[in-house]
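Dear colleague,

I am passing on a structure that you have not worked with before. Please have a look at it below, and then read on for what was found in it.

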Amino acid sequence: METKGIVIAGVGGQGSLLASKLLGKVLVNEGYDIKVSEVHGMSQRGGSVITYVRYGDKVYSPVVQSGEADFLISFERIEAARYAHLLKIGGIIITNTQRIDPMPVITGAAEYPEAILDELTAKGVQIEAMDALTLAEQAGSAKAVNIVLMGQLAKHFHIDYDKWISAIEQTVKPKFVELNKKAFELGYNFGK
Amino acid sequence: MKELMIGNAAVARGLYEAGVEVISSYPGTPSTEITEFAATYDDIYCEWAPNEKVAMEAAFGASLRGVRAACAMKHVGLNVAADPLFTLSYTGVTGGLVVCVADDPGMHSSQNEQDSRHYAIGAKVPMLEPADSAECKAFAKLAFEISEQFDTPCLLRMCTRIAHAQSVVETGERIVPEKKPYEKNPQKFIMAPANAIRRHPFVEERMRKLTEYAETAEINRLEMGGTDIGIITSGACYQYCKEVFGDSVSILKLGMVNPLPVQKIKELASKVKKLYVVEELDGVIESHCRNIGVDVIGKELFTPLGEFSQKSIAAAFGLAPKETITADTAIPVRPPVMCSGCPHRGMFYVLSKNKITVLGDIGCYTLGSAAPLTALDSTLCMGASISGLHGYNKAAGGEAEDKTVCVIGDSTFMHSGMTGLANIAYNGSNSTVIILDNSITGMTGHQQNPTTGFNIKGDPATKINLEDLCHALGIGRVRVVDPYNLEETEKAVKEELAVHEPSVIISRRPCVLLKYVKPKKPVMVDPDKCRSCKRCMKLGCPSIRMKDGKANIDTTLCVGCGVCEELCPFDAIGHEEPTMAELPPASCVQQ
C-alpha cells in the first residue's frame with residue numbers, strides 16, 4: 001500500500017496532539033507502519049500548529065509535504081487554507097468553521113479572509129466544513145473540537161466504529177472518556 | 001510490546017532498559033520529554049538541575065560512583081555544559097555516561113540552529129544519531145556500551161523531527177549492570193596539568209580506536225541499490241532520501257556521526273558514479289569526505305539553512321514538485337502570542353508605555369517583543385539580560401540608567417542569572433533587574449525549578465526564596481509586585497529606575513496555564529461606554545478585538561485577569577453584564 005498522509009492543523013492549545021495520538025492509536029491497532037510528527041514549544045503559544053500523520057506498509061519520512069496529503073483536518077478556517085497546498089489533487093479538507101483571529105488581524109495589520117474556503121472550493125478542492133465548536137459544546141466541552149473532527153474523518157476510513165471508540169478509551173484520561181466518546185459520535189453522525 | 005512513541009520517549013525507554021540509575025537535565029525544546037518520560041520510571045532517579053552544566057556534572061558524579069548516568073539538553077544547552085564535556089573526554093567514565101543533545105534545525109523553538117556535531121569533533125567523543133524512534137531506543141542503549149568499552153562520554157544527537165516524531169518501538173526488559181566499586185584514581189580523574197598531559201594521548205588513541213569501530217559498526221550501514229547515485233546521510237535526512245529514492249540509489253546510512261569511517265565511505269565512492277552528502281546544517285560529513293580525498297557533492301546543492309524534507313531533497317536533485325492547489329488570497333500569519341491572562345503582559349505594557357529600553361532573555365516572555373507591545377530590545381542567550389544590562393549601563397555612563405531595565409524569568413534566573421546579578425552588585429552598576437516570576441519553567445511546557453517548591457515528580461522540595469537570594473547576592477533593594485496591578489507595577493518600575501543603586505523587582509504571578517490557577521469569569525465590554533479609543537488593544541491580548549468599531553472580548557479565551565479593565569479610561573470593561581438600568585432607553589438606540 002502506498003503511504004497515506006494526513007495533516008492536522010490548528011491554533012496552539014486546540015488539542016492537535018490528542019487528535020494525532022488518537023489517530024496514531026487506531027492506525028497502529030490496524031497494523032500499519034506509522035509516523036506522526038508533532039510540534040512542541042514556542043509555536044504552541046497560540047501560534048499556527050501543524051501535525052503530520054503518515055501510514056502505510058513502510059513509512060520513511062515523518063513529514064507531509066506539498067501535494068502529499070489525502071486529508072487535511074483543520075480546527076480553524078484560515079488554518080485550512082494556510083496548509084491547503086499540502087493536499088494531493090483530490091484530497092479532502094475537513095474543517096471546523098470557527099474563526100480565531102490571529103494577532104495581525106486583531107491589531108488591524110491584516111484582514112481576515114472571510115471567503116477563503118469558497119475560493120478553494122471554486123478551485124476544485126473538496127471541503128467538508130462543520131461547526132465543530134457547537135458540537136463539542138453539546139458533547140460537554142469546547143475543547144473537544146479535535147475529537148468531533150476525528151469523528152468526521154472516521155467516516156472516510158474502513159475501520160469499525162468500535163475500534164475508534166476503543167482507541168479513545170486507550171488514549172484519553174478515564175474521566176474524559178465519556179465526553180470524548182460523545183464528541184466523536186456527534187462528529188461521526190454529523191450530516192447523517 | 002509494540003508502542004508508538006515520540007523519539008524522546010524512545011530515548012527515555014532506552015535509558016531505562018540500559019539500566020540508567022541517575023538522570024539530571026535542564027529542559028529545552030526539543031529535548032525536554034527525554035527526562036520527563038524517564039521520570040515516569042520509578043527505577044530511575046531523575047531531576048531537573050538549575051542548568052545544563054550542573055546537570056552534566058551531576059551525571060559525571062553518578063558515573064564516577066559506578067552507575068550508568070545520563071543528561072539531556074537542547075543544542076544551546078550544550079554550550080553551557082561544554083566546559084565539563086571537554087574535560088570529561090579526558091577523564092573518561094566509570095559507569096557509562098550518555099549525553100543526549102537535541103538540535104533544532106529550522107529553529108522551531110530556538111535562538112539559533114547550531115550543529116552539535118562540532119562539539120563531538122571538538123571534544124573528541126563519539127556521537128550517535130538515530131533516524132527514528134526504534135533507533136532512538138537502540139542507540140541510547142548502544143551509547144552506554146560504547147561509553148564503557150571506550151572509556152568516554154557518548155553523545156546521542158537528536159533533532160526536532162526525530163525527537164518529536166512518533167514511530168513504532170518494540171520495548172524490552174530493563175537490565176541494570178552491577179554497580180562498580182568506587183576506587184580512588186587521581187591519574188584518571190584529577191585533571192591537573194600533570195595528569196591531563198598523560199590523558200591527552202589516551203584521548204587521541206581512543207579516537208583512533210573509535211574510527212576503527214566506525215568501519216565495522218552495524219549502525220553504519222551500506223544499503224546498495226542503483227549505482228548511478230550514491231548518498232551519504234544520517235538521521236532524519238536518511239528518511240527523506242529513502243522517501244524520494246527508495247531502493248533506486250545506494251545509501252551509506254551513518255548511525256555514528258563522530259568519528260566518521262574512512263574505508264566505508266571510500267567503498268561507496270568506488271561503486272557509484274556520483275556521490276552526494278545529504279546533511280542538515282553544516283557540511284560536517286562533506287568536509288570529512290574531502291579530507292580523505294573523496295569527491296562529493298554537498299553544500300553546493302543542499303543549503304546549510306533550516307530543515308530538509310523529501311520535498312527539498314527532491315527539488316535539489318531537480319525532480320519535479322508534486323501538483324497541488326493553493327489559495328490566491330493572502331492568509332495572515334499566525335505567530336505565537338502571549339496567552340490571554342499571561343502575567344507577563346502587565347509588566348510589558350508598563351515598560352512599553354514608558355518607552356523603557358529592555359534587555360530580554362530566553363522564555364515565553366521573548367514573545368513580549370511582538371507587536372503591539374514591542375517591549376524588548378535584545379534576546380541573546382540564557383542569563384544575558386542581566387549581564388548585558390550591567391555592561392550597557394557601564395557603557396552608557398549614567399545617561400541610560402533611568403530608562404533601561406532587563407527582564408528574566410524565574411527558571412532562567414536560577415539557570416544563569418545569579419552570576420550576572422552578583423556582578424551588578426560587586427561591580428556596582430545602577431541597574432534595575434526585573435524577575436518575571438511565573439512560578440514555573442513556562443515555554444518548555446511547565447517544568448519545576450528550584451523556586452517552585454516542587455521536584456520533577458511533583459513532590460514537595462526545598463523552595464529557594466528569590467527575595468532572600470537577591471539580597472544574598474548583594475542587592476539591597478528588592479521588591480515584589482503583582483503585574484495584574486498596573487498602577488503598582490508602574491510605580492515600582494519608576495521608583496526603582498529613579499534610585500541610584502542596583503535594584504530587583506520581582507513581578508510575581510503564576511502562569512495562567514498552571515492547573516492550580518483557576519480562570520476567573522471573563523470580562524465584557526459595554527459597547528455604549530466604549531469610545532473606541534483602542535487603549536485596551538495596546539495590550540496585545542488575543543481575547544480583545546475590535547468588532548463593529550467597538551472593543552469586544554472573546555469570552556471563550558478570556559480568563560478574567562482584569563488588566564484591560566484597569567486600563568479602560570471609560571469604565572467600559574467589567575465582569576458583569578450591563579444591567580437594564582445602565583442600558584440606554586430603547587428610544588435612544590439607533591436603529
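Chain B holds an open sheet of five strands, ordered β14-β15-β16-β18-β17 and paired in parallel, where two strands count as paired if DSSP finds at least two bridges between them, and where strands (E, at least two residues) and helices (H or I, at least four) are DSSP runs numbered from the N terminus. Its edge strands are β14 (357-359) and β17 (477-481) of chain B, each of which pairs on one side only. Direction ignored, neighbouring strands of this sheet are turned against each other by 25 degrees on average.

Before going further, please note that this is a predicted model, in which local features need pLDDT of at least 70 and side-chain atom pairs count only at pLDDT 80 or more, whereas totals for chains, interfaces and linings use all residues. Residues are numbered from 1 along each chain as its sequence is written, while chains are lettered from A and ligands numbered from 1 in the order in which they are written.

Within the sheet, strand β16 (residues 432-437) of chain B pairs with strand β18 (residues 503-508) of chain B in the parallel sense over six bridges, and B:D437 has B:R508 as its bridge partner in β18(B). Helix α15 (residues 344-353) of chain B lies across β14, β15 (404-409), β16 and β18 of chain B and runs at about 155 degrees to β16(B); here axes are lines fitted to C-alpha atoms, for helices over the stretch in contact, and angles run from 0 to 180 degrees between N-to-C directions. Helix α17 (residues 410-426) of chain B lies across β15 and β16 of chain B, at about 140 degrees to β15(B).

As for the two chains together, their contact takes 49 residues from chain B and 51 residues from chain A, residues being in contact if their C-beta atoms, placed from the backbone, lie within 7 Å. On the side of chain B that touches chain A, the elements giving two or more residues are β1 (2-6), β8 (165-170), α11 (235-245) and α14 (310-316) of chain B. The residues of that side divide into 24 nonpolar, 16 polar and nine charged, with Ala, Val, Leu, Ile, Met, Phe, Trp, Tyr, Cys and Pro counted as nonpolar, Asp, Glu, Lys and Arg as charged, and the others, Gly among them, as polar. Strand β2 (residues 33-37) of chain A is joined to β8(B) by two bridges, and these strands run antiparallel; the bridge partner of A:V36 in β8(B) is B:Q166.
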